Amino acid sequence: ERFVNILGGSRLYRTGDLVRWNEKDELEYLGRIDEQVKISGRRIEPGEIEQALLKFPGIEHAVVELRTTVKTTVMGDLQYCAKCGIPANYPNIEFDEQDICSLCNSFEHYKKRVQKYFKTPADFKALFEQRSDQQTYDCIALLSGGKDSTYTLAKLVEMGLKVLAFTLDNGYISQQAKDNIQRVVDELGVDHMYGTTPAMNEIFVDSLQRHCNVCDGCFKTIYTLSMQVALDKNIPFIVTGLSRGQFFETRLTEELFWNEDVNIEQIDEIILNARKAYHRVDDAVKELLDVEAFENDEVFEKVQFLDYYRYTDVSLDEMLAYLNNRLPWVRPTDTGRSTNCLINQAGIFIHKKERGYSNYAFPYSWDVRLGHKTRDASLEEINEAIDEPQVHKILDEIGYTKAKAKEIRHLVAYYVSQTPIDERNIRAHLASLLPEYMIPVQYIRLETLPLTPNGKLDKQALPMPDTIRPVTDMGYVAPRSDIEEILAGIWSEVLHIDKIGIYDKFLELGGNSLAAIRIITRANKAFDLELPLNLAFNKPTIAAFAEYVRETIMQLLEELDIE
């Protein structure tokens, strides 16, 4: 319990040092007793791990620290892209000498290919040429009361379509937004209905924990409830008012446009398969709402989702001018600029707090890149002040404060060596000496350890890791093969996580349908295969994914031998 030190051969005192008898019957110093840490109920001595690290050839000094948070860039005076306005604290963003971000620079190489994805109003109108007079409605228009969805609804009515407007009442739509909705549907003469669910607060909490925003949960709820209405009323189309910037947040990714010969039908098929996988993910919506219809692929043939702004290119100024001149729509003053929903500020607040940047930074940058918004308009919205007292009140109301995610606690090893050391070798060395739960999840090489003026270790000066893999049921297990190594690199880059173990699960790492598209596209290019999109969901670990890739390659080789 206490190491007894002998001073001058006569005086005894109990120190705060931690020591043990080793196999050579020697007292081995491990560190200070007050440095003991606890992770998942297990007491861990960092000094014991440090001693094990020092036994690895080439490591001169070692320090192991417990890190409880992921480093984020503080919001404030930031650098913004000179073209699109995306902030420098967005993950994996780099700026060139002209202050132009890597997304804008990359876009220049596939800009023309992206335009092939977008269609014309004539293409949209052609989709309704076969509509039946027996149908009560030609389509459902998802109406939030915001500018984009209101403009969409008005244009559908101008086309002569019989439209049912559908709004999700999530409990936090502002009264001014509801007044907007009522005035607009009355003016346009369309039927309107609100969809509701008593599970909304639980869905909000789940969305905040999974995605650090409320939008993901809201969108999925809207799609789920509107699909039920469409099936009940035999309505063949659900029309969304997502902006083109939101396409790149929820539908599109640059990997889809890598090839010179872009196949739009193939992209549509990939997006459809992503939607199928999206509706089958185990989350609060699947647990609490009726999602049985989505288990059958036929439902996506009976009811198709159409993105109106895929077929119509309109600037924000043109849209606002239309709304101001043609409809009794007024921008609500009781919500943020980017929404008609009071709870959305809570989502923005949590995202900035947990991720370090606005969750609207990415889609707004695409709205600018594609000509829908100006850079100044985008910056005004993403830098809008948050009413924190109101946010905390809302978080209390939905129960988020009572259902916070587990605190992230990780061991990070810092070591000094003359040359870089392969991390896999360090892990293998530690695995031979220590139990799995004592093996650090990240390793940072230093030229020297930072010291205080008194010559002691300056722990405050140790660099914080940029990203650490989140807590999962499995401890970290490093890649064991070339295939797993390649996949781990792809997953890490797409999911913005430095170290991903081969048994970490895709969804627990924050994976979604868009991330699945990016991973599959990159894997297909890396291995020259045509892997199915749902592989990231059906084989949710790198180990299982890699085994499928290996078996597919072996099968192709066998077929070549037969031929």
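The model is a predicted one. A search of the whole structure finds zero disulfides. The second largest pocket has a volume of about 890 Å³, and helix H9 gives the largest share of its lining. Arg 251 is buried, whereas Lys 393 is partly exposed.

**Cysteines**

- A disulfide is a covalent bond between the sulfur atoms of two cysteines.
- No disulfide is found anywhere in the structure.
- The cysteine sulfur closest to that of Cys 215 belongs to Cys 218 and is 7.1 Å away, so the two are too far apart for a bond.
- For Cys 218, the closest cysteine sulfur is in Cys 341, at 5.5 Å, which is also too far for a bond.
- The cut-off applied to a pair of cysteine sulfur atoms is 2.5 Å.
- Cys 215 is buried, with a relative accessible area of 17%.
- Cys 218 is likewise buried, with a value of 12%.

**The second largest pocket**

- The volume of the second largest pocket is about 890 Å³.
- Its lining comprises 31 residues, and those nearest the centre are Gln 266, Ile 270, Ile 520, Asn 524 and Leu 531.
- Sorted by class, the lining holds 15 nonpolar residues, eight polar residues and eight charged residues.

**Arg 251**

- Arg 251 is located in the loop between helix H8 (244-250) and H9.
- Its relative accessibility is 8%, so Arg 251 counts as buried.
- A polar contact of 3.1 Å links the side chain of Arg 251 to the side chain of Asp 307.
- Apart from neighbours within four places in sequence, the residues in contact with Arg 251 include Tyr 223, Thr 240, Leu 242, Gln 246 and Leu 256.
- Also among them are Ile 271, Arg 275, Asp 307, Leu 514 and Ile 517.

**Lys 393**

- Lys 393 is part of helix H16, which covers residues 388-398.
- With a relative accessibility of 45%, Lys 393 counts as partly exposed.
- Lys 393 and Val 285 are 108 residues apart along the chain, and their C-alpha atoms are separated by 24 Å.

Conventions: Residues numbered from 1 in each chain as written. Predicted model: local features only at pLDDT ≥ 70, side-chain atom pairs only at ≥ 80, totals over all residues. Heavy atoms only, no water. Buried < 20%, exposed > 50% of the residue type's maximum accessible area, 1.4 Å probe, protein only. 1 Å grid on protein atoms, 1.4 Å probe; cavity = no way out; pocket = protein on both sides within 12 Å on 5 of 7 lines; lining within 4 Å. Points joined across faces, edges and corners; volume = space filled by probe spheres on them. Helix = DSSP H or I, 4+ residues; strand = E, 2+ residues; numbered from the N terminus. Nonpolar A, V, L, I, M, F, W, Y, C, P; charged D, E, K, R; others polar. Polar contact = N/O pair within 3.5 Å; in protein donor to acceptor, adjacent residues only side chain to side chain. Contact = heavy atoms within 4.5 Å.
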